[in-house]
Amino acid sequence: MYTLSVGLYEHFFAKHDYYIVIVGLDNAGKTTFLEQIKAKFIRDYGVLRPSKITSTVGLNVGKVEVGQVRLNFWDLGGQEDLRTLWNTYYSVASALIFVIDGTRRELFDTVSSCFYDVMKSEFIQQIPVLVAVNKSELDGAATASEIRTLLSDDEHRSDLAVLPVSALEGHNIDRCVRWLVRSLQQADQKLQL
Ligand code: G3D
């Protein structure tokens with residue numbers, strides 16, 4: 001009876017943990033993006049002022065709960081020498097967020113080859129991928145469809161989304177998180193079939 005009660009409790013109330021890797025070139029806005037997620041989904045979270053946010057060196061972590069789901073974020077450093085470490089996280093990741101500075105067109109070739117390298121991973125091919133086109137509030141920022149063309153993404157992948165965001169202003173952050181939760185749950189359902 002005790003085991004049954006614990007089983008039922010876990011079924012209905014236990015949080016399901018997912019692990020989400022955030023990558024992208026240095027200064028794309030990864031840390032600001034994660035700060036906004038925490039600000040929006042953690043009650044009374046003391047958000048860092050943008051001036052206090054420094055570029056990701058090593059790893060920033062964050063944990064938020066959305067309904068029955070707990071999202072554990074790992075924001076990885078984007079400098080060239082740190083990028084080689086990204087794939088050590090892929091095998092345990094449930095989803096990946098690739099953050100792009102939509103205003104730095106001179107970096108788009110680098111972004112494109114970096115994205116290609118990420119997508120080559122057999123682990124990443126099996127999990128939801130969200131491309132966040134950041135700094136979209138600034139004049140001249142690339143649109144989501146421009147970035148789709150740049151990344152030559154596979155339109156047939158339903159678990160890949162490209163969304164314009166402003167991490168600084170919080171635009172579309174909720175939408176990104178809701179897309180992630182929905183995609184992660186759909187991926188789980190497919191595994192159970
Ligand atoms: P990183 O973690 O990817 O290295 P950061 O990037 O989050 O440290 O952000 C790098 C710089 O971009 C920061 O500015 C930050 O305020 C700015 N930034 C992040 N997101 C946005 C955005 O949506 N819009 C605009 N306009 N700026 C953004 P500084 O000046 O501190 O380098």
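Modeller: Two strands pair if DSSP finds at least two bridges between them. Keep in mind that this is a predicted model.

Colleague: Thanks! Which residue in β4 is the bridge partner of Ile20?

Modeller: Start with the strands: β1 covers residues 16–23, and β4 covers residues 95–101. β1 and β4 pair in the parallel sense, over four bridges. Look in β4 for the bridge partner of Ile20, and you will find Ala95.

Colleague: What is the order of the strands in the open sheet?

Modeller: Begin at the edges, where each strand pairs on one side only: these are β2 (59–66) and β6 (160–164). The sheet has six strands with mixed pairing, and its twist averages 20° from one strand to the next. Read across, the order is β2-β3-β1-β4-β5-β6.

Colleague: At about what angle to β4 does helix α5 run?

Modeller: Helix α5 takes in residues 108–120. This helix lies across β4, β5 (129–134) and β6. Its angle to β4 is about 175°.

Colleague: Is α2 roughly parallel or roughly perpendicular to α7?

Modeller: Two packed helices are described by the angle between their axes and the distance between the axes. Here α2 (residues 30–41) packs on α7 at about 85°, with the axes 10 Å apart. Angles of 65 to 115 degrees fall in one class, so α2 is, relative to α7, roughly perpendicular.

Colleague: How many nonpolar residues are in the contact of α2 with α7?

Modeller: From α2 come Phe33, Gln36, Ile37, Lys40 and Phe41, and they meet Ile173, Asp174, Cys176, Val177 and Arg178 in α7. By class, one residue of this contact is polar and three are charged, while the number of nonpolar ones is six.

Colleague: About how much space lies in the largest cavity?

Modeller: Counting cavities of 30 Å³ or more gives one. Its lining includes Leu25, Asp26, Val99, Ile100 and Asp101, and strand β4 provides the largest share, three residues. In all, the lining has six nonpolar, one polar and three charged residues. The space inside is about 70 Å³.

Definitions and conventions. Residues numbered from 1 in each chain as written. Predicted model: local features only at pLDDT ≥ 70, side-chain atom pairs only at ≥ 80, totals over all residues. Heavy atoms only, no water. 1 Å grid on protein atoms, 1.4 Å probe; cavity = no way out; pocket = protein on both sides within 12 Å on 5 of 7 lines; lining within 4 Å. Points joined across faces, edges and corners; volume = space filled by probe spheres on them. Helix = DSSP H or I, 4+ residues; strand = E, 2+ residues; numbered from the N terminus. Nonpolar A, V, L, I, M, F, W, Y, C, P; charged D, E, K, R; others polar. Axes fitted to C-alpha atoms, helices over the stretch in contact; angles between N-to-C directions. Contact = heavy atoms within 4.5 Å. Parallel < 35°, antiparallel > 145°, perpendicular 65-115°, else oblique.
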